[in-house]
Amino acid sequence: MFDRRTGRFIFLLFFLWAFPLHAEEKLGIFQPTVKAPKDVQRAFADDPALKDLKVMAFGTFDDFQTAVNSDGVTFALVPSAYIRYFEDFEPLYQLTLDGQASFQEVVVSLDPAWNEQKLSEGIVGTINVVGRDKTRKMVEDRLNGRSFKRLKQVSKIADLYPLLALGNAQYAIFAPHDLDLVKKEFSSKPIQVMRTADVLHPVIAVRKDRKGKNSNVFLKLSPATLKSIGVNGIKGFSK
């Protein structure tokens with residue numbers, strides 16, 4: 001039988017073995033896509049390049065922001081707009097598609113009567129990626145200052161197309177990759193109204209007050225992992 005002092009010592013050794021004193025670095029992923037967050041999380045968590053990081057994927061802006069504020073997120077994979085409106089993170093890497101760092105989103109409608117000329121009279125549907133109080137400014141910038149009657153925000157891409165089908169919005173903004181996936185699920189086909197200003201693909205950033213140790217591992221992400229969020233390349237971020 002161990003005496004009490006020896007038992008405490010053994011317990012302490014076990015605790016230090018099971019729960020290391022250094023904080024585990026975490027990657028928080030918030031990249032709205034047609035795929036479920038759990039599938040995106042699995043794709044990144046299974047990548048050998050990220051074996052030393054804890055990966056967490058979030059489906060909504062509010063869930064991601066809660067994690068940033070309370071759960072010790074060191075690295076973040078986020079829409080480029082997030083970096084513009086929130087200063088907690090510094091971009092490290094730019095994700096790309098076919099060598100391009102930027103793309104244009106597509107504004108669509110289901111009714112040909114709602115064309116580009118009538119944009120100012122219509123409700124525009126979009127995804128909340130920077131918080132409800134900042135989204136209108138983001139959309140105005142992407143529409144090159146074009147006016148619209150009102151903005152309708154949803155949390156998930158899966159909820160965006162039904163806005164049009166139910167008449168709750170006359171226009172909706174999609175990334176081309178997501179539009180290709182979504183329109184397969186509906187019989188009504190979208191009509192392209194216009195394209196937005198250039199938008200950067202998502203970025204990988206590090207929290208400014210942490211400077212994570214494992215930042216180089218992202219350059220080793222596999223093509224399959226990148227494909228899970230609709231990109232196929234990564235490079236150093238440059239302003």
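What you are looking at is a predicted model, in which local features need pLDDT of at least 70, side-chain atom pairs count only at pLDDT 80 or more, and totals for chains, interfaces and linings use all residues. Residues are numbered from 1 along each chain as its sequence is written, and side-chain values use heavy atoms, with hydrogens and water left out.

Let's start with the sheet. Six strands form an open sheet with mixed pairing, in the order E2-E1-E3-E10-E4-E11. Strands here are DSSP runs of E with at least two residues, helices are runs of H or I with at least four, and both are numbered from the N terminus. Two strands pair if DSSP finds at least two bridges between them. Strand E2 (54-57) and strand E11 (233-236) each have a single partner strand, so one side of each is left without a neighbour in the sheet. On average, neighbouring strands are turned by 25° against each other, direction ignored (axes are lines fitted to C-alpha atoms, for helices over the stretch in contact, and angles run from 0 to 180 degrees between N-to-C directions). Helix H2 (residues 37-45) lies across E1, E2 and E3, and runs at about 160° to E2.

Now look at the E4 end of things. E4 and E11 pair in the antiparallel sense over four bridges, and Gln 94 of E4 has Lys 235 in E11 as its bridge partner. Gln 94 counts as buried because its relative accessibility is 3% (buried means under 20% relative accessible area, exposed over 50%, partly exposed in between, with a 1.4 Å probe and protein chains only). A polar atom of the Gln 94 side chain lies 2.8 Å from the backbone oxygen of His 201.

Next comes helix H3 (residues 61-70). Its buried residues are Phe 61, Phe 64, Gln 65, Ala 67 and Val 68. They cover an arc of only 155° around the axis, which puts them on the same side of H3 (the arc is that of the directions from the helix axis to the C-beta atoms). Asn 69 and Ser 70, on the other side, are exposed. Just after H3, Gly 72 takes a positive phi of about 65°.

Finally, find Ser 228 in the loop between helix H8 (223-227) and E11. With 6% relative accessibility, Ser 228 counts as buried.

Note on methods. Contact = heavy atoms within 4.5 Å. Polar contact = N/O pair within 3.5 Å; in protein donor to acceptor, adjacent residues only side chain to side chain.
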